[in-house]
Amino acid sequence: GILALSLPSMGKGSAPPSSSLNKAKTLISNAISIGAPAYNAGKIDECTRAYRATSLEIIPLLPENLRTNLESTIENNVNDDGAEAAWAFRRQFDA
């Protein structure tokens with residue numbers, strides 16, 4: 001598990017360049033291509049771990065409004081590898 005969570009900050013009002021957002025979209029797509037089949041195969045914990053790892057990776061690539069929502073999802077599901085956490089991350093990816 002993650003004992004301490006340190007999320008990078010980009011400062012108020014800063015927005016990442018569009019190339020960052022495109023990279024985030026690619027990483028999300030890759031995570032879903034791993035997580036969705038794992039979930040459907042009953043490997044929900046594997047799905048959730050893939051989604052959480054991707055969430056942590058894309059935080060600095062997102063605009064502030066999406067970053068704030070994803071940070072909240074990460075914090076609320078830090079020790080949960082169940083279906084509710086998987087869906088919480090997936091809803092953020094779809095946002």
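Let's start at Arg-49, which is partly exposed, with a relative accessible area of 42%. This is a predicted model, so read everything below as a description of that model.

Side chains of opposite charge can pair when their charged atoms come close. Arg-49 has such a partner in Asp-81: the two form a salt bridge, and their closest N and O atoms sit 3.9 Å apart. With the cut-off being within 4 Å, that contact counts as a salt bridge. The pair links distant parts of the chain, since Arg-49 belongs to helix α2 (residues 44-58) while Asp-81 is in the loop between α3 (64-76) and α4 (83-94), 32 residues apart. As for Asp-81, a relative accessibility of 29% makes it partly exposed.

Asp-81 also takes part in a salt bridge with Arg-52, with 2.9 Å from N to O. Here too helix α2 meets the loop between α3 and α4, so Arg-52 and Asp-81 tie together parts that are 29 residues apart in sequence. Is Arg-52 buried or exposed? Arg-52 is buried, at a relative accessible area of 7%.

Now move along to helix α4. Arg-90 and Asp-94 meet there in a salt bridge, 3.2 Å from N to O. They are four residues apart in that helix, which means about one helical turn separates them. Arg-90 is partly exposed at 21% relative accessibility; the cut-off for buried is under 20%. Asp-94, at 52%, counts as exposed. The salt-bridge count for the model comes to four.

On to the rings. A pair of aromatic rings is described by the distance of the centres and the angle of the planes. How many aromatic pairs are there? The count is two. In one of them, Tyr-39 and Trp-87 sit edge-to-face, 5.9 Å centre to centre with 75° between the planes. This pair links distant parts of the chain, with Tyr-39 in helix α1 (residues 18-40) and Trp-87 in helix α4, 48 residues apart. Tyr-39 is partly exposed at 24%, and Trp-87 is partly exposed at 43%.

Tyr-51 and Phe-93 form an edge-to-face pair as well, at 5.2 Å between centres and 70° between planes. Tyr-51 lies in helix α2 and Phe-93 in helix α4, so this pair ties together parts that are 42 residues apart in sequence. Tyr-51 is buried at 3% relative accessibility, and Phe-93 is buried at 8%.

Notes
Residues numbered from 1 in each chain as written. Predicted model: local features only at pLDDT ≥ 70, side-chain atom pairs only at ≥ 80, totals over all residues. Heavy atoms only, no water. Salt bridge = Lys/Arg side-chain N within 4 Å of Asp/Glu carboxyl O. Helix = DSSP H or I, 4+ residues; strand = E, 2+ residues; numbered from the N terminus. Buried < 20%, exposed > 50% of the residue type's maximum accessible area, 1.4 Å probe, protein only. Phe/Tyr/Trp six-rings, centres within 6.5 Å; stacked < 30°, edge-to-face > 60°.
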